[in-house]
Amino acid sequence: MTGKIALHKEGNVRLNVSASYNRFLSNFVISESPEGKVGYNVFSGGLGIENNFTPQKKFKPYVGFELVASFISGKALLNTDSTDFDLKIKNSVRFGVTFNMGFEYAFNNKVGMNLGYKITHANIIGKKSQVPASVNETYLNDDKVAAGEVIPYAGWKQFLYSSFYAGVNFYF
């Protein structure tokens with residue numbers, strides 16, 4: 001969901017406020033891994049700026065940039081030689097950026113459509129890895145670990161993803 005607010009009379013430079021949810025599912029190690037599966041939930045909010053090249057026309061191409069705050073959590077099902085167990089991935093806050101581009105088409109001065117593409121790097125700032133307090137939970141642990149340091153499930157992880165989107169515009 002995105003709200004766009006024109007910053008001047010011509011309407012080509014706009015402030016964007018966005019909220020999104022993404023769900024990622026994966027095998028824990030490799031595609032045919034017997035070691036388990038992991039799922040991440042990424043709730044994000046963004047604030048950015050956009051340039052709409054033809055705000056007074058029906059066809060309105062645009063490009064934009066946002067600063068993004070993401071709340072990342074999840075859980076994994078791990079398979080070991082002796083037993084299977086659930087692992088909770090505790091909530092973590094990370095900061096990143098989104099670049100987007102697309103176009104709007106105005107059917108009239110009240111309603112239009114929107115098609116676009118965005119690429120998000122959700123965890124540029126705030127990465128860390130730390131030892132969990134319990135064997136059934138862990139932190140996101142997305143930062144590099146020093147040589148010789150042992151932190152379960154830690155390592156350099158990137159939440160970098162792209163998406164295509166479509167929507168209905170309401171012009172106020």
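In E2, which residue is the bridge partner of Lys4?

Author: In E2, the bridge partner of Lys4 is Asn16. Before going on, note that this is a predicted model, in which local features need pLDDT of at least 70 and side-chain atom pairs count only at pLDDT 80 or more, while totals for chains, interfaces and linings use all residues. Residues are numbered from 1 along each chain as its sequence is written, and side-chain values use heavy atoms, with hydrogens and water left out.

A strand here is a DSSP run of E with at least two residues, numbered from the N terminus. Two strands are said to pair if DSSP finds at least two bridges between them. Strand E1 (residues 2-6) and strand E2 (residues 13-27) run antiparallel and are joined by five bridges. They make a hairpin with six residues between them, and Gly11 in the turn has a positive phi of about 85°.

The pairing continues from E2 to E3, antiparallel again, over 15 bridges. Val17 has Leu47 as its bridge partner in E3. Next, E3 pairs with E4 in the antiparallel sense over 17 bridges, and Lys37 has Leu77 as its partner in E4. E3 and E4 also form a hairpin, with six residues between them.

Now for the charged side chains. Lys4 belongs to a network of salt bridges that also links Arg14, Glu50 and Glu104. A salt bridge is counted when a side-chain nitrogen of Lys or Arg is within 4 Å of a carboxyl oxygen of Asp or Glu. Side chains of opposite charge can pair when their charged atoms come close. The structure holds six salt bridges. In one of them, Glu104 meets Arg14 at 2.8 Å, N to O. That pair links distant parts of the chain, with Glu104 in strand E5 (residues 84-106) and Arg14 in strand E2, 90 residues apart. Both Glu104 and Arg14 are buried, where buried means under 20% relative accessible area, exposed over 50%, and partly exposed in between (1.4 Å probe, protein chains only).

Rolling a probe the size of a water molecule over the atoms shows where empty space is left. On a 1 Å grid over the protein atoms alone, a pocket is an open set of points where a 1.4 Å probe fits, with protein on both sides within 12 Å along at least five of seven lines, and lining residues have an atom within 4 Å of a point. Grid points are joined across faces, edges and corners, and a volume is the space filled by probe spheres set on the points. The largest pocket has a volume of about 1,100 Å³. Its lining has 46 residues, and those nearest the centre are Lys4, Arg14, Glu104, Asn114 and Asn169. At least two lining residues come from each of E1, E2, strand E3 (36-52), strand E4 (59-79), E5, strand E6 (111-125) and E8. E8 gives the most to this lining, with eight residues.

The side chains of Glu137 and Lys90 meet at 3.6 Å, N to O. Glu137 is in strand E7 (residues 137-138) and Lys90 is in strand E5, 47 residues apart, so this pair too links distant parts of the chain. Glu137 is partly exposed at 22% relative accessible area, and Lys90 is partly exposed at 24%. Arg94 and Asp142 form another salt bridge, with their closest N and O atoms 2.9 Å apart. Because Arg94 lies in strand E5 and Asp142 in the loop between E7 and strand E8 (160-170), the pair ties together parts that are 48 residues apart in sequence. Arg94 is buried at 3% relative accessibility, and Asp142 is buried at 0%.

The loop between E7 and E8 also holds Asn141. Asn141 has a phi near 50°, a positive value in a residue other than glycine, and Asn141 is buried, with a relative accessible area of 0%. Tyr153 is found in that loop as well. Its phi is near 65°, again positive in a residue other than glycine, and Tyr153 counts as partly exposed at 32% relative accessibility.

How values were computed. Helix = DSSP H or I, 4+ residues; strand = E, 2+ residues; numbered from the N terminus.
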